[in-house]
Amino acid sequence: YYDQFSQTYERERHHGYHRMLDELEGQLIERYGRDRDVFEAGCGTGLLLREASRVAKSTTGLDLSRGMLKTATQRGLNVVQGSVTEVPLPDGCMDLVYSMKVLAHVPPIKEALAELARIVRPGGHMLLEFYNPYSLRYLTKKYGGPQTINQSTTDHDVFTRYDTVEQAAAYLPANVELVGTRGVRIFTPTSSVFKLAPLGRLFSWAEHKACDLPLLRNLGGFVILIARKKA
């Protein structure tokens, strides 16, 4: 699925809706990863990892898909092939571990988070993005039908789970504490609103303003858990 998806993955990634998502995620990565050792779980073609590499002390990416990693390697990024449930890195080697739009597709989620926490140094942080059932995005996905990836697959061909903030936080291992959340795509009903530039700018402005507001951040279609490994 992801090897096939890699062929078209970046088609819409550099502007509009997807650019907004990358900005909201990238802000947190820079905040917690500047001048630190950073690891991305599920780096795909390396778009976020490339941005992280510009501010971090070091960056390493991991992905299961060779097709995705081919592009990341061509960008000159340090990446390895592997699973989030078996990361080929030693204990406590990273200051920041982040994973965006990946964990919702991992069935053994507690095992995955325990493995990611293993490579974080005490006092280090984890940015963990989940899909939220209490969101406009969930309603769009539920009633909008499958999204075509190519001639033979849709987004219904891959396992996808939706978790509330409380459910997602319950997956954290005992040595990791939740310290905050950020909501991504709170107001945007569908990515197609960005096809009209003025409307897209309006929604982008609103999303950036609302992403950290206590009353709204847990309503994002994507919710990022900000977690810290206990010293």
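Strand β4, helix α5 and strand β5 together form a right-handed β-α-β unit; right-handed here means that, with the strands pointing away from the viewer, the path from the first strand over the helix to the second runs clockwise. This is a predicted model, where local features need pLDDT of at least 70 and side-chain atom pairs count only at pLDDT 80 or more, while totals for chains, interfaces and linings use all residues. Residues are numbered from 1 along each chain as its sequence is written, and side-chain values use heavy atoms, with hydrogens and water left out.

Helices (H or I, at least four residues) and strands (E, at least two) are DSSP runs, numbered from the N terminus.

### The sheet

Look for seven strands in an open sheet, ordered β3-β2-β1-β4-β5-β7-β6, with mixed pairing. At the edges sit β3 (79-81) and β6 (176-184), each of which pairs on one side only. On average, neighbouring strands of this sheet are turned by 20° against each other, direction ignored. Two strands count as paired if DSSP finds at least two bridges between them.

| Pair | Bridges | Residues facing each other |
|---|---|---|
| β1 and β2 | five | A41 and L62 |
| β1 and β4 | three | E40 and Y98 |
| β4 and β5 | five | S99 and L128 |

So how enclosed is β4? Six of its six residues are buried, so β4 is largely enclosed by the rest of the structure. Buried means under 20% relative accessible area, exposed over 50%, and partly exposed in between (1.4 Å probe, protein chains only).

### The helices on top

Helix α5 (residues 109-118) lies across β1, β4 (94-99), β5, β6 and β7 (222-229), and runs at about 145° to β5. Helix α4 (residues 66-74) lies across β2 and β3, at about 165° to β3. Those angles run from 0 to 180 degrees between N-to-C directions, using axes fitted to C-alpha atoms, for helices over the stretch in contact.

### A look at E129

Back in β5 (residues 120-131) you'll find E129. Is E129 buried or exposed? Buried, with a relative accessible area of 0%. Leaving aside neighbours within four places in sequence, E129 is in contact (heavy atoms within 4.5 Å) with residues including E25, S99, K101, V184 and F222. A polar atom of the E129 side chain also lies 3.0 Å from the backbone nitrogen of K101.

Definitions and conventions: A polar contact is a pair of N or O atoms within 3.5 Å; within protein, one must be able to donate a hydrogen and the other to accept it, and residues adjacent in sequence count only if both atoms are side-chain atoms.
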